[in-house]
Amino acid sequence: QFKNINKGRKTNIIDSMLRMLEQYSSNLEDLIRERTEELEIEKQKTDKLLTQMLPPSVAEALKMGTPVEPEYFEEVTLYFSDIVGFTTISAMSEPIEVVDLLNDLYTLFDAIIGAHDVYKVETIGDAYMVASGLPKRNGNRHAGEIANMSLDILSSVGTFKMRHMPEVPVRIRIGLHSG
């Protein structure tokens, strides 16, 4: 049987076992290296997602396992908006068309907010919420940052076209609160 395993070659049993153990060890090292690389890639994806959902300071505290202390911010301005007639647009559209609409619109908004000192808090459905003055305090610039960002968003929506209904204008309702 041993000759069959070694394809008819005469070899020492000990040498053969050592060679098989070395091969097994090498295969195991390759497998561990592969899995470690996969784990690192998944960890990077998780970290990126966490920092997109939470302020960086909160994300870091959670990763370190330390408690997150609530903070009080003296001066903050909030922006919130939604799409006028979204329910009607949704009723006249296929689900993927609604997803494409929101993705296109919020990708546009995300590009605009990158030029301002603001933090995207949330997008739920057609609601979009942004804050300035937190998580990084910016003195009394928060209201101006949100106002300028709002005007940029409003301007961009004027030329925005839905892929599946380019003839229907997209209008948004914007609200601001400062305090």
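1. A pocket here is an open set of points on a 1 Å grid over the protein atoms alone, where a 1.4 Å probe fits, with protein on both sides within 12 Å along at least five of seven lines. Volume is the space filled by probe spheres set on the points, which are joined across faces, edges and corners.

2. This is a predicted model: local features need pLDDT of at least 70, side-chain atom pairs count only at pLDDT 80 or more, and totals for linings use all residues. Residues are numbered from 1 along each chain as its sequence is written, and side-chain values use heavy atoms, without hydrogens and water.

3. Residues lining the second largest pocket (an atom within 4 Å of a point) include Pro55, Pro67, Pro70, Phe73 and Pro135. By class, nine are nonpolar, one is polar and two are charged.

4. The largest pocket holds about 390 Å³. Its lining includes Gln52, Asp110, Tyr119, Lys120 and Glu122. Two or more lining residues come from each of α2 (13–53), α5 (95–113) and β2 (119–124). β2 gives the most, five residues. Helices (H or I, at least four residues) and strands (E, at least two) are DSSP runs, numbered from the N terminus.

5. Domain 1 (9–64) and domain 2 (77–178) each give at least three residues to the lining of the largest pocket. The bounds come from an automatic or database assignment.

6. An unreviewed UniProt entry lists residues 14–41 as "coiled-coil region". That annotation may be inferred rather than shown by experiment. In the model, residues 14–41 are 100% helix and 0% strand, with end C-alpha atoms 40 Å apart.

Technical notes:
Nonpolar A, V, L, I, M, F, W, Y, C, P; charged D, E, K, R; others polar.
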